[in-house]
Amino acid sequence: MRRSVSIAGLAAALVLGTLGFGTGQKSYVASAQEKMSMMEVKIDNFTFGPATLTVPVGTTVTWINKDDIPHTVVSTDDPKAFKSKVLDTEEKFSFTFSKAGTYPYFCSIHPKMTGKVVVQ
Amino acid sequence: MSEKKKDELLHDHNRDGVDRRGFLKCMAWAGTGAFCVMKGGVLNSYSLSRISEISTAEMMGELSFVQISDSHMGFNKPANPDVAGTLKAAVDKINGLTAAPEFMLHTGDISHLSKPEEFDTVDQILKSAKPKDVFYVPGEHDVLNDDGKQFLERYGKGSKGGGWYSFDKKGVHFVGLVNVMNLKAGGLGTLGREQLEWLEDDVKHLKHSTPIVVFAHIPLWSVYPEWGWGTEDSAQALAYLKKFGSVTVLNGHIHQTMQKVEGNVTFHTAASTAFPQPAPGKADSPGPMKVPAEQLKGVLGITDVNYVQGQHALAVVDSTLA
């Protein structure tokens, strides 16, 4: 099981490498196979992971709070593109990005927590 | 006052000789509140955990009150599965004081998720406290989802704007400020222009000799901006208070006791009645600190008090104000 996971990870890395996308530590670009399942941002240890998520137009992104403390996901733009209710532990918020652009957001309870979704 | 004194952090985790285990233990004694007494126009604040060490004479003054903070009612994670129990324990401590405090200040995060039943529970528990008046300011956990509407309905009668207000008790001017609304991405706590203008006007007519006590949830001094532990425009607020000889600032939010003296201003943060948080920069994030259950339950215990006594020069400010 462990081996197959690592092989899949390697394959994904190879795909990304071949396509020439930059994958910095804090950014993440979805590969074709992962589009269906991986559009998730984990809120853990007072950080959004990945802090920058790049997705194709039409993608639904889901944030899930893994912390013991509640957080929110609020667009920084004016007017706000999206705004979650407060998310307690394990609660989720989803938003579908129908237009290309860069969408910065933050946690309105802990404003030092910031992230962005790049929609291409 | 010497230059060194000016920016002194009275609770210095770095030079206290406490190892990590000892540190966790020392944090575990958090969880009560602070007994504040005004004496000769200067406020002294004593942790209720250590109140047995304080003589009756020290507890007497012109005015005394209790500060409690961060009850986080509704929190039920391993760091403290019984926040109602620890709040009740704090109330018991308050009721056991020989010098009865006149009122209580709650410096915010009354609730964990702004749920009506969480506020109801806190109200119910605090009803059993001997001091009947409680003055509140909101924490960010009290204004979730509704921009503080519920908080204002419950606790904001007679307050201005987003819930700020002032009152006088025995010659001391108290100011409750709100710095948890309209927080900006990447930023710290915020007071905002409207509130600052109100504050300037509120203190303008007061004599310079009037002792001032300001209370707000997020610290009004930069405890650790990396974790958001500070307030963007607090310098402006403090500038309006420069002319006063005695200014005390009481905050919560960081779930640990810290004190600092800067010029005419003494800053205090109160412990949480719910769960401890790590010292600034001592963990990856400011999340709740899990301590072994027996230690958490011992937050009010004598053992921990003795331990703390042996390790820290904490909880008592030898005020340097003239």
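Me: What makes Arg193(B), Glu194(B), Asp201(B) and Lys204(B) count as exposed, and which face of α7(B) carries them?

Reply: They sit on the face of α7(B) turned away from its buried side, and a residue is called exposed if 12 or fewer other C-beta atoms, placed from the backbone, lie within 10 Å of its own, buried if there are 20 or more, and partly exposed in between. This is a predicted model, in which local features need pLDDT of at least 70 and side-chain atom pairs count only at pLDDT 80 or more, while totals for chains, interfaces and linings use all residues. Residues are numbered from 1 along each chain as its sequence is written, and chains are lettered from A and ligands numbered from 1 in the order in which they are written.

Me: Which residues of α7(B) are buried, and how do you know on which side they lie?

Reply: Gln195(B), Leu199(B) and Val203(B) are buried, and because they cover an arc of only 55° around the axis, they lie on the same side of α7(B). The buried residues of this helix pack against β7 (172–176) and α8 (234–239) of chain B, contact being C-beta atoms within 7 Å.

Me: Why does the span of α7(B) agree with its number of residues?

Reply: The 12 residues of α7 (residues 193–204) of chain B should span 16 Å at 1.5 Å a residue, and the end C-alpha atoms are 16 Å apart, so the two agree.

Me: Why do β3 and β7 of chain A stand at the edges?

Reply: In the open sheet with the order β3-β2-β5-β7 (chain A), β3 (47–49) and β7 (92–96) each have a single partner strand, so one side of each is left without a neighbour; strands pair if DSSP finds at least two bridges between them.

Technical notes
Helices (H or I, at least four residues) and strands (E, at least two) are DSSP runs, numbered from the N terminus. The expected span of a helix is 1.5 Å times one less than its number of residues. The arc is that of the directions from the helix axis to the C-beta atoms. Two residues are in contact if their C-beta atoms, placed from the backbone, lie within 7 Å.
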